2 protein chains.
Amino acid sequence: MHVAIPLYPRFTALDAVGPYTVLAFAPGHQVTFVAETPGPVVDDRGTLSLTATATYADLPTPDVILVPGGPGTLQAMSDPTLLNWLRQADPHTRWTTSVCSGSYILATAGLLTGRKATTHWAVLDGLHNLGATPVANRVVIDGKYVTAAGVSAGIDMALTLLAEATDIPTAETVQLAIEYDPEPPFQAGSPASASPEIRERALSLIV
Amino acid sequence: MHVAIPLYPRFTALDAVGPYTVLAFAPGHQVTFVAETPGPVVDDRGTLSLTATATYADLPTPDVILVPGGPGTLQAMSDPTLLNWLRQADPHTRWTTSVCSGSYILATAGLLTGRKATTHWAVLDGLHNLGATPVANRVVIDGKYVTAAGVSAGIDMALTLLAEATDIPTAETVQLAIEYDPEPPFQAGSPASASPEIRERALSLIV
């Protein structure tokens with residue numbers, strides 16, 4: 001199972017590295033970070049670079065595509081190289097997936113038209129404008145199109161995908177290997193559990 | 001608040017990127033990835049490189065040190081440059097912290113002697129041999145020494161630290177910005193919740 005994660009300027013690092021870690025720990029899985037040109041790609045904070053080791057052209061038919069989100073999504077939605085790669089690779093994938101605002105990129109490529117999908121809570125409604133049907137779940141599965149909510153939701157999505165690709169015990173093995181037994185010290189991780197004041201502050205942080 | 005995350009060959013990417021994302025999202029926080037020489041450092045899967053942008057010498061007195069774990073820990077425990085940097089920087093930190101087997105590196109530098117600490121469940125008991133007192137909690141705080149359990153536990157630790165460094169609403173704001181409202185699809189994230197068979201498989205995966 002070969003997973004391709006495209007990197008574009010100002011992606012959010014955890015969107016990519018959360019599911020990467022889950023999938024790369026699984027036996028028989030390979031993850032490749034791809035970009036228009038190989039080399040370091042700088043994230044949304046401007047301080048961390050992840051290295052793409054292959055071009056889009058190098059990997060025309062991955063088994064899984066996983067598109068991260070981030071403030072750079074808007075520019076990536078206008079990147080013909082990325083969009084063309086998505087359109088040409090998608091018919092061959094077993095799963096085409098995204099984390100956070102990465103679903104906006106899939107939708108822009110026309111891959112979520114008429115499909116249920118999710119994204120970061122702050123921009124969920126806007127998926128309508130790109131032809132998808134927004135669903136406020138942490139992981140949304142519509143056929144082979146699997147989308148996750150904001151940033152950290154990619155970890156949950158990857159465990160779900162891994163169980164489908166292999167079996168539940170294998171996914172549980174990886175979950176235990178990465179000790180994914182979350183204990184958030186606060187209960188403000190969703191717009192439903194956070195106060196209106198925290199919601200407003202979070203919005204100003206991510207825009 | 002300046003946070004330094006040392007990178008060494010075969011670190012586990014999520015150990016570093018989980019807490020990085022939490023802390024780098026927080027206003028007034030800066031995170032720098034450091035290494036003996038600047039440039040890409042390859043992780044434990046051999047497929048992902050994160051770029052260190054500064055040397056240890058460039059950053060002698062960070063406010064926070066956060067040491068990731070991974071299969072490369074054993075070699076890092078013999079790296080005099082890393083150990084000397086830790087020993088010389090530690091007296092100046094507000095917090096000296098680790099994720100996963102990163103606590104073995106802190107302990108080797110002599111920084112956890114007589115202190116309570118945690119690490120990945122698979123190697124918890126061994127912390128005794130380095131003079132620390134192992135505690136099977138997700139995040140263990142002993143004065144300014146804060147250690148997290150395996151891999152994904154760094155996210156919980158970083159939110160705890162952020163609340164201490166600022167206030168709870170700021171930590172909640174970041175939690176909501178990264179939509180950290182975990183919904184693990186399975187309940188196998190700790191050795192207590194996983195079956196003996198899954199524990200055995202996970203051990204073979206990480207060794």
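In which helix of chain B does T170(B) lie? T170(B) belongs to helix α6 of chain B, where helices (H or I, at least four residues) and strands (E, at least two) are DSSP runs numbered from the N terminus. The model described here is predicted, so local features need pLDDT of at least 70 and side-chain atom pairs count only at pLDDT 80 or more, while totals for chains, interfaces and linings use all residues. Residues are numbered from 1 along each chain as its sequence is written, chains are lettered from A and ligands numbered from 1 in the order in which they are written, and side-chain values use heavy atoms, with hydrogens and water left out.

In general, two copies of a chain are related by a rotation about an axis and a shift along it.

Next comes the interface itself. Contact, meaning heavy atoms within 4.5 Å, is made by 66 residues of chain B with 66 residues of chain A. Because 100% of the interface residues of chain B are also interface residues in chain A, the copies meet through the same surface. Together the chains bury about 5700 Å², with 65% of it on carbon and sulfur atoms; this buried area is the accessible area (1.4 Å probe) that two parts lose on being put together, summed over both. On the side of chain B, the most area is lost to chain A by L176(B), E179(B) and F186(B), which together account for 14% of what that side buries.

What kinds of links cross this interface? The rule finds 0 salt bridges between chain B and chain A, a salt bridge being a side-chain nitrogen of Lys or Arg within 4 Å of a carboxyl oxygen of Asp or Glu. Polar contacts, in turn, join 31 residue pairs between the two chains, both residues being at pLDDT 80 or more. A polar contact is a pair of N or O atoms within 3.5 Å; within protein, one must be able to donate a hydrogen and the other to accept it, and residues adjacent in sequence count only if both atoms are side-chain atoms.

Several elements of chain B supply at least two residues each to the side that touches chain A, among them α1 (13-25), β2 (30-35) and α7 (196-206). The most comes from α6(B), with 10 residues. By type, the residues on this side divide into 37 nonpolar, 18 polar and 11 charged. In this grouping Ala, Val, Leu, Ile, Met, Phe, Trp, Tyr, Cys and Pro count as nonpolar, Asp, Glu, Lys and Arg as charged, and the others, Gly among them, as polar.

T170(B) is buried, with a relative accessible area of 9%; buried means under 20%, exposed over 50%, and partly exposed in between (1.4 Å probe, protein chains only). Leaving aside residues up to four places away in sequence, T170(B) touches R201(A) and L162(B). Its side chain also makes a polar contact of 2.7 Å with the side chain of D167(B). T173(B), also found in helix α6 of chain B, is buried at 4% relative accessible area. With the same exclusion of residues up to four places away, T173(B) touches I198(A), R201(A), A202(A) and L205(A).

In one of them, D90(B) pairs with K144(B), with the closest N and O atoms 3.8 Å apart. D90(B) lies in the loop between α3 (80-89) and β7 (95-99) and K144(B) in the loop between β10 (139-142) and β11 (145-148) of chain B, so the pair ties together parts 54 residues apart in sequence. D90(B) is buried, at 7% relative accessible area. Another salt bridge joins D156(B) to R138(B), with the closest N and O atoms 2.6 Å apart. D156(B) sits in helix α5 (residues 153-165) of chain B and R138(B) in the loop between β9 (133-134) and β10, 18 residues apart. D156(B) is buried at 1% relative accessible area, and R138(B) is buried at 7%.
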